[in-house]
Amino acid sequence: QVQLQESGPGLVKPSQTLSLTCTVSGGSITTNYYYWSWIRQPPGKGLEWIGYIAYSGSPYYSPSLKSRTSISRDTSENQFTLQLSSVTPEDTAAYYCAGGLGTVVADFGSWGQGTQVTVSS
């Protein structure tokens with residue numbers, strides 16, 4: 001059974017870069033046809049997909065966040081990382097990592113428990 005765990009700072013100052021890591025166990029992030037995504041949920045709002053990194057290592061980002069987003073991976077550690085630059089208080093949200101055989105929420109078979117990130121000075 002694949003398990004995911006997010007880690008990173010819970011408080012980030014405006015204009016800085018948010019950086020979160022997802023550690024995957026029970027499966028490899030290079031397994032064919034698996035996609036590893038970052039999703040967030042601001043307070044009182046719905047889920048927002050941020051982007052994914054594919055089993056091949058290719059990333060793809062939400063158009064609305066593309067200019068500020070980078071997703072990379074460390075295959076030796078079986079981890080993938082989100083970096084979101086120039087954050088504002090509007091980036092305050094619970095951030096989740098997820099994985100599955102597809103690129104939409106319905107395809108995500110495994111989720112992390114989520115981590116709260118607050119953007120504030």
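Two strands are said to pair if DSSP finds at least two bridges between them, and strands themselves are DSSP runs of E with at least two residues, helices being runs of H or I with at least four residues, numbered from the N terminus. The model described here is predicted, so that local features need pLDDT of at least 70 and side-chain atom pairs count only at pLDDT 80 or more, while totals for chains, interfaces and linings use all residues. Residues are numbered from 1 along each chain as its sequence is written, and side-chain values use heavy atoms, with hydrogens and water left out.

## Overall form

The protein contains zero helices and 11 strands, and read along the sequence its pattern is β-β-β-β-β-β-β-β-β-β-β. Its radius of gyration is 13 Å, close to the 14 Å that the globule rule gives for 121 residues, so the protein is as compact as a globular protein of that length; the radius is taken over C-alpha atoms, and the rule is 2.2 Å times the number of residues to the power 0.38. Along the principal axes, the C-alpha trace spans about 40 × 30 × 25 Å.

Of the 121 residues, 41% count as buried, where buried means under 20% relative accessible area, exposed over 50%, and partly exposed in between, with a 1.4 Å probe and protein chains only. The protein exposes about 6,100 Å², of which carbon and sulfur atoms supply 47%, the areas coming from the Shrake-Rupley method with a 1.4 Å probe. Among contacts with a separation of 6 or more, 54% are accounted for by residues 24 or more positions apart, a contact meaning heavy atoms within 4.5 Å.

Strand β4 (residues 35-41) has six of its seven residues buried, so it is largely enclosed by the rest of the structure. On one side, β4 is joined to strand β5 (residues 48-54) by six bridges, the two running antiparallel; seven bridges join β4 to strand β9 (residues 93-100), again in the antiparallel sense.

I53 of β5 stands opposite W36, and the bridge partner of I53 in β6 is P59. The strands β5 and β6 pair in the antiparallel sense over three bridges, forming a hairpin with four residues between them, in whose turn G57 has a positive phi of about 100 degrees.

## Loop residues

Most residues other than glycine have a negative phi. Y33, in the loop between β3 (18-25) and β4, has a positive phi near 75 degrees although it is not a glycine, and at 53% relative accessibility Y33 counts as exposed. N78 lies in the loop between β7 (69-74) and β8 (79-84); its phi is near 55 degrees, likewise a positive value in a residue other than glycine, but N78 counts as buried at 14% relative accessibility.

The loop between β6 (59-61) and β7 holds K66 and also L65. K66 is exposed, with a relative accessible area of 55%, whereas L65 counts as buried at 4% relative accessibility. Not counting residues up to four places away in sequence, L65 touches R40, E48 and I50.

V105 is placed in the loop between β9 and β10 (108-111) and is partly exposed, with a relative accessible area of 36%. Leaving aside neighbours within four places in sequence, V105 is in contact with L47 and W111.

| C-alpha pair | Separation along the chain | C-alpha distance |
|---|---|---|
| K66 and T31 | 35 residues | 25 Å |
| V105 and D74 | 31 residues | 23 Å |
| L65 and Q79 | 14 residues | 21 Å |

## Charges

The protein has 6 positive and 7 negative charges, and their mean positions are 8 Å apart. In this count Lys and Arg are positive and Asp and Glu negative, with His and the chain ends not counted, and the place of a charge is taken as NZ of Lys, CZ of Arg, CG of Asp or CD of Glu.
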